[in-house]
Each structure stands twice: as structure tokens, then as C-alpha cells.
Amino acid sequence: MTVRTGTQYLRGLHDGREVWLGGRRVDDVLDEPVLAGAALTVARLYDLQHDPELRHQLVREDDDGVYPVSLAAPRNAQELRARGQAYRTTASATFGLLGRSPDFVNTAVTAFSSAQEFFSRTDPRFGRNVRAFHARCRESDPFLSHAAINPPLNRARASNDQDDPFVHLRIVRETSEGLVVRGAKLIGTLVPVADEIVVFPLPKYAKGDEAYTVAFSVPVATPGLRIVCREPFVADPTRLISTPLAPYEEIDATCIFDDVVVPWDRVFFHGDVDAANRLYDVTTARHHTGQHGIVRGAAKAELLAGIAVALAEMSGTNAFLHVQEMLGEVLGFLELAKAGILAAEADARTSEWGTLTPAIAPVMALRYHFPKMTARMIEVIQILGGGSLLSTPAEEDLRSDLWPAIERFYRGADGVSAEHRVRLLKLAWDATGSAFGQRQMQYERYHSGDPVRLAAAQYFGYDTTSLLDTVNRALRPAPAAAQLQQEART
Ligand SMILES: Cc1cc2nc3c(=O)[nH]c(=O)nc-3n(C[C@H](O)[C@H](O)[C@H](O)COP(=O)(O)OP(=O)(O)OC[C@H]3O[C@@H](n4cnc5c(N)ncnc54)[C@H](O)[C@@H]3O)c2cc1C
């Protein structure tokens, strides 16, 4: 039992998987620049586990063996904070731009395993399967991806009421070998370069949807599983001055299951609408992946706030009051994001599964407000960058005969060199305005569900007792004041 290196991870990708990109089947994902770029970034994260400076943060060594911290269920405050630190290390290595880094689904699977009994209620075999799968992940340290959403054929209708019964992923039949499933799941971020895909239901399934409620894991290279990549946003990932964030192009994909056989020992759950709707909350996967999400978000806020400050200082606009206000505003967002993490950890409670579980209210608060904060940070960067964001030369120009002119006309304030200024402006645009930057915005908006329904869930899940007590207290005259008035009258 050990944690893998980047090279070991990359070698595992030569497995005959069926990945489609730009109208053709990919022979080897490592031969495709965009997919290879994503894989190399993931490989670097695997290598961090062997970095002498970071290993103690990312890897747990105990009586159970040697495995990533994200596969350890936190039992006390120290372990919860340590896991938060592990997330921070990974997120800061990728500037919070890789939402589905390997620690994300590891965290969900660990929560599922702790809640083994939840799965056993449907069938004791399933509880054992979840547990055994988690143990196998600790053994072999695979890169797990996930796809939980059904295609939006018609969101106004239940899965069993769609025009085509096999668009939403559905069980076709049960055999002695396992479940046969057909249909699609999305959005499978990084699935093309992952080892396994974990599928599970998210609310809201309706009565009659039993055949659509299924949770399992299969290798990406499973016969009948076709992975269709979205069109890449980065044309050439080697142009690191023009598109400095290209290594974090986290390719998204749709996963099409064409009568895929899911062996029984890989089935975690099926055929129970009520349990399917409660799975993510009751197992506390939502809480634990929520901690991951807000830590990653704070790392991105650091990058965006840093870009805003650097832009203003580079052009001398930080001397103006309205710019100072905008910088204070984005720094305030960063602090709110960090405070939410502390609150989720400080108010953690031991769940019915015996794990210390981050408080959901701060997680939900950030899930709703962070996209708005991100949108404003993007706006501030674009306001501060002004037209300069759209007047940078190509990276090839920096190495051409144009250089003397570029050196003269593209400089910044206080001795900032032309090359540094051009690079910073390109970074600012890549983080906010390029297709890559826009995808990052859309990721923040939707990665953990529809923000409208998330906010409503915050309201329904919130204990408002003390708030209403406060209102009632405010409606009553303060006894001391009433007594004082009476005494004054007599
Ligand atoms: C970049 C990116 C990466 C992602 N990566 C992953 C991943 O790796 N794995 C994964 O499983 N998921 C992933 N997600 C998917 C994410 O879970 C979904 O996008 C999210 O749950 C929202 O679902 P949806 O996109 O189908 O939008 P919908 O739920 O269809 O919502 C779209 C709009 O329709 C409205 N709407 C839809 N249905 C209803 C309804 N019943 N009631 C009221 N309003 C409704 C919503 O309010 C919203 O305005 C990713 C998303 C993005 C954007």
C-alpha cells in the first residue's frame, strides 16, 4: 500500500479507454496536447505526495497503511484541520483552478465509506462494496472522477417521463454478473484522464424513477463507456506566456454508457428513490466535499485578489481612492472566504457515522455567495486592466525584431519591465476574460449544483430558532426599561 507518483499515474492511462475529442477517437490521451496538459498537472499533484517538504501534509501513515489524507475520515478537530491543510496545499499548487483534483472524489468516497450503514440499509452487500472500494482506493491511489447529473433533455419532467427513457442513465437489466446500465451522465470533469469514474444520484428523483437511481464505480476503460470531451478552450497549451493558465485546462466531458456491465461488487446502491435523494446529505458527502470546495475557492480568491493588486500597483492607479476601495473590496472577499473555512471547521460536529463533519451552514453560505464574489473580482480586474488587457502583443512578438519597441511602449510604473507587464496582463485576461476564464466562472456558479436551489436548501436546513427568539425578544419591551418608567412615574 503506497501513494503513487506522477509517472505511475501517467502509465496507467494507456488502457484502451474510449475518449472522443474534436470528432475523432483518441488513440492515446497523452498524445493530445490538451488532455496531456491536464494529465501532467494531475501527475504533478501525485508527485507532491513524494515531496519531502509536503509529504507529511498530503500523506497519512498509520496502522491502516500509507494513503492520501483525502482518503482518511477525520475523527477529531486536529485531523479535520490537517485535511483542510492538505486541500490547501493541492489548491495552492493549482491556484484553485483545478476543481476536480484527485482529492475531491476521494473525499466523497471516504464519506460514503464512513456511512457504510446507509448503503447497507438497501442491501448489506452494498455497504460492504462501498467499504471495500474505499479500501481498494487506499491500496492503489487511483484518480477518481465523477459524473452525477443527467442530461438536461427536459428538466420539467422526471427521469421516467422523458421522451427517450435511456437518456438519463438507467438500469436496463440485472444479470448474474452485475447491473447493465444505459444512458449518459455529466459533467465528467477530468474523466478523460482519470482512472475510475464514480456515478451516484443527486436529488431530485421522483416516484417511478427507481431504475434511474444507481451508484457505482467503474474504470474509465470499461467496455461500452464512451467519453465525449467538450471542445478545448486552449488551442496550444505550450504557449505559456499567451495563456499562462493553460496547464489548468480541466477538460470536461459527457459520459455515455452503452449497456455497460457494472459488476455486482462495484454497485453501491440502486432502486430506491428516497435514499437516492438523501444520499449526498445523509452520508455527509456534501459537507466533506464542501470543505474541499471552499478551501479551493479561497486559493482562487488569492490568485484573483493578487492579480487585482498587482495590476493597480503596476500602473500606478493604486494612488487613487476609488481603486483603493476596489482593492479593499476584493481583499475583503478573500478574508470572507478564509473566515468561512475557519467557521466550517470550528463548528464541526461528529456525525452519526462517527466522523467530524464540517458545519454545512458556512459551506452553503460560500457556495451561494462565492460565485457572486468571483464575478465581482473578475469585474474589478477588468476595470483595473482597462484597454491594456486587450492590447498586449503575442508571445512570439516578445522574441521578434519588435522587442525594442515593445520594451519601450509596454513598460509599467516604477520600473516594471515590458515583459513582466505583458505577462501580467495576459494572466489577468486568462483568469477572467478568455474562454478558459469564463469556464472558471461557470464552474464557480454551477460546480456544486444550482445556486438557486442551494440557497433554498440553506433556508430549509437552517436552524432559525435563535433568530426567531431574537425577533420575539425585540418585540417585548425591555423589562428594565419598563420598570424604570414605572418608577419614574411614581
Ligand atoms: C465547469 C463545470 C464542471 C462540472 N464538473 C462536474 C463533475 O465533475 N461532476 C459532476 O457530477 N458534475 C459536475 N458539474 C455539474 C454540476 O453538478 C451541474 O452543472 C449542476 O448541478 C447544475 O446542473 P445543470 O448544469 O444540469 O443545471 P440545471 O439544474 O439544469 O439548471 C440550469 C438552470 O435551470 C434552472 N432549473 C433547472 N431545473 C430546475 C428545477 N427543477 N427547478 C427550478 N429550477 C430549475 C436552474 O435554476 C438554472 O437556472 C460541473 C459543472 C460545471 C459548470
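Student: Is Phe 233 buried, exposed or partly exposed?

Tutor: The general idea is to count neighbours: a residue is buried if 20 or more other C-beta atoms lie within 10 Å of its own, exposed if 12 or fewer, and partly exposed in between, with C-beta atoms placed from the backbone. Phe 233 has 19 other C-beta atoms within 10 Å, so Phe 233 is partly exposed. Keep in mind that this is a predicted model, in which local features need pLDDT of at least 70, side-chain atom pairs count only at pLDDT 80 or more, and totals for chains, interfaces and linings use all residues. Residues are numbered from 1 along each chain as its sequence is written.

Student: Where in the chain is Phe 233 found?

Tutor: Helices (H or I, at least four residues) and strands (E, at least two) are DSSP runs, numbered from the N terminus. Phe 233 lies in the loop that joins strand E10 (225-229) to strand E11 (253-263).

Student: Which residues does Phe 233 touch?

Tutor: Two residues are in contact if their C-beta atoms, placed from the backbone, lie within 7 Å. Leaving out residues up to four places away in sequence, Phe 233 touches Glu 249, Ala 435, Phe 436 and Arg 439.

Student: How do the domains divide the protein?

Tutor: Domain bounds come from an automatic or database domain assignment. Here they give domain 1 (6-281) and domain 2 (284-465). The centres of the two domains, taken over C-alpha atoms, are separated by 25 Å. In the contacts between them, 36 residues of domain 1 meet 36 residues of domain 2. On the side of domain 1 that touches domain 2, helix H4 (77-93), helix H5 (102-114) and helix H8 (273-282) are the elements giving two or more residues. H4 gives the most, with nine residues.

Student: What classes of residue make up that side of domain 1?

Tutor: Ala, Val, Leu, Ile, Met, Phe, Trp, Tyr, Cys and Pro count as nonpolar, Asp, Glu, Lys and Arg as charged, and the others, Gly among them, as polar. The side of domain 1 that touches domain 2 has 19 nonpolar, nine polar and eight charged residues.

Student: How many residues surround the ligand?

Tutor: A residue is near a molecule if its C-beta atom, placed from the backbone, lies within 6 Å of it. The ligand is surrounded by 19 residues, and the closest are Ala 148, Arg 155, Thr 189, Tyr 443 and Tyr 446. Helix H15 (residues 435-446) gives the most to this shell, with four residues. By class, the shell holds eight nonpolar, six polar and five charged residues. Each of domain 1 and domain 2 supplies at least three residues to the shell.

Student: Which residues does UniProt list for "binding site"?

Tutor: UniProt positions are given in the numbering used here, feature names are shortened, and annotations may be inferred rather than shown by experiment. The unreviewed UniProt entry lists Thr 189, Asp 450, Pro 451, Val 452 and Arg 453. Of these, Val 452 sits in helix H16 (residues 451-461). Val 452 is exposed because 9 other C-beta atoms lie within 10 Å. Arg 453 also has its place in helix H16, and Arg 453 is exposed, with 11 other C-beta atoms within 10 Å.

Student: What share of the residues is buried in the whole protein?

Tutor: Of the 490 residues, 46% count as buried.
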